[in-house]
Amino acid sequence: MSFSDLLHYLRIGGFTLAFLLLASVVALGVAIERLIALWGVSERSRALGDTVHKHLLRGDVTAARTATERSDAAVADIFLAGLDRFERTRACDGVDAAVERERAQVGLRLRRNLWILATIGSLTPFVGLFGTVAGIMKSFKDLGLDVQAGGTGGTAAVMTGISEALVATAVGILVAVQAMAFYNYFQARLSRVLVELRLMGDEFVELLRERPLNVPSSASTPAAPPSAEARPQPEA
């Protein structure tokens, strides 16, 4: 199909075809934005999770918080919510609930704008069908006007109009396939990411509860040997 043919169909399709092309551009833009936003989410979260878990295994909650605050990983907000709850209560009661609430918030942020892809994928076939029906109605109207004007009422002009009107349905289906392909890809990817975040959050809560307590410095310092004056003197 040449560029002139594309311009011809765009002119014939009018508002319907222009809307479908705009929807295609929007779907592509949303897909690119989500690809950038989700790039490396799992890798950064796993790296932070390993670091925090190592600190918690040593019982160093302060170091775990410092590493979390310096990270931009998606799981960082989940860890911070649990650490904030732990520092407020000085206990692990309610930490799992705080972690779960923040994990739900992170999931909502990761799914942002995906509803646009679902909407485009579900609506564009009907928009294309509407354009086709409108084009067929126009073709039959032109046929009726031709007959009233004394024409032969041949079907050549009608068939040409119908074939041009069917382009709207074809474009609508193509845009819907594009949008739904992107949507299903991101849904599958996010399902895996959210499962990883849930597992890391559960492991974080367990390690926070089972962390070793800091041993007092006095207990770890060896006792000083008795001085010479305190030692018993041997009998002469």
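## Terms and model

In this report, Ala, Val, Leu, Ile, Met, Phe, Trp, Tyr, Cys and Pro count as nonpolar, Asp, Glu, Lys and Arg as charged, and the others, Gly among them, as polar. The structure is a predicted model, in which local features need pLDDT of at least 70 and side-chain atom pairs count only at pLDDT 80 or more, while totals for chains, interfaces and linings use all residues. Residues are numbered from 1 along each chain as its sequence is written, and side-chain values use heavy atoms, with hydrogens and water left out.

## Overall fold

The protein contains nine helices and zero strands; helices (H or I, at least four residues) and strands (E, at least two) are DSSP runs, numbered from the N terminus. Of its 236 residues, 36% count as buried, where buried means under 20% relative accessible area, exposed over 50%, and partly exposed in between (1.4 Å probe, protein chains only).

Contact means heavy atoms within 4.5 Å. Among the contacts with a separation of 6 or more, 77% are accounted for by residues 24 or more positions apart.

## Helix H5 and its partners

Two packed helices are described by the angle between their axes and the distance between the axes. Here axes are lines fitted to C-alpha atoms, for helices over the stretch in contact, and angles run from 0 to 180 degrees between N-to-C directions. Helix H4 (residues 61-69) and helix H5 (residues 74-89) pack at an angle of about 145 degrees, and their axes are 9 Å apart. To this contact H4 gives Val 61, Ala 64, Arg 65, Thr 68 and Glu 69, and H5 gives Ala 76, Phe 79, Leu 80, Leu 83, Asp 84, Phe 86 and Glu 87. By class, these are seven nonpolar, one polar and four charged residues.

H3 and H5 pack at an angle of about 35 degrees, with axes 7 Å apart. On the H3 side the contact is made by Val 41, Ser 45, Leu 48, Gly 49, Val 52 and His 53, and on the H5 side by Ala 74, Val 75, Ala 76 and Phe 79. This contact has seven nonpolar, three polar and no charged residues. The buried residues of H5 include Ala 74, Val 75, Ala 76 and Phe 79.

## The second largest pocket

Rolling a probe the size of a water molecule over the atoms shows where empty space is left. On a 1 Å grid over the protein atoms alone, a pocket is an open set of points where a 1.4 Å probe fits, with protein on both sides within 12 Å along at least five of seven lines; lining residues have an atom within 4 Å of a point. Grid points are joined across faces, edges and corners, and a volume is the space filled by probe spheres set on the points.

The second largest pocket has a volume of about 160 Å³. Of its 13 lining residues, Ala 37, Asp 72, Ala 74, Arg 109 and Leu 110 lie nearest its centre. Helix H2 (15-37), helix H3 (41-57), H5 and helix H6 (95-110) each supply at least two lining residues, and the largest share, three residues, comes from H5. By class, the lining has six nonpolar, one polar and six charged residues.

## Residues in the loops

H5 is followed by Arg 90, whose phi is positive, near 55 degrees. Asp 93 lies in the loop between H5 and H6 and is exposed, at 60% relative accessibility. Asp 93 and Arg 209 are 116 residues apart in sequence, yet 9.3 Å apart in space, C-alpha to C-alpha.

Asn 113 sits in the loop between H6 and helix H7 (114-148). Its phi is near 75 degrees, a positive value in a residue other than glycine. Asn 113 is partly exposed, with a relative accessible area of 24%.
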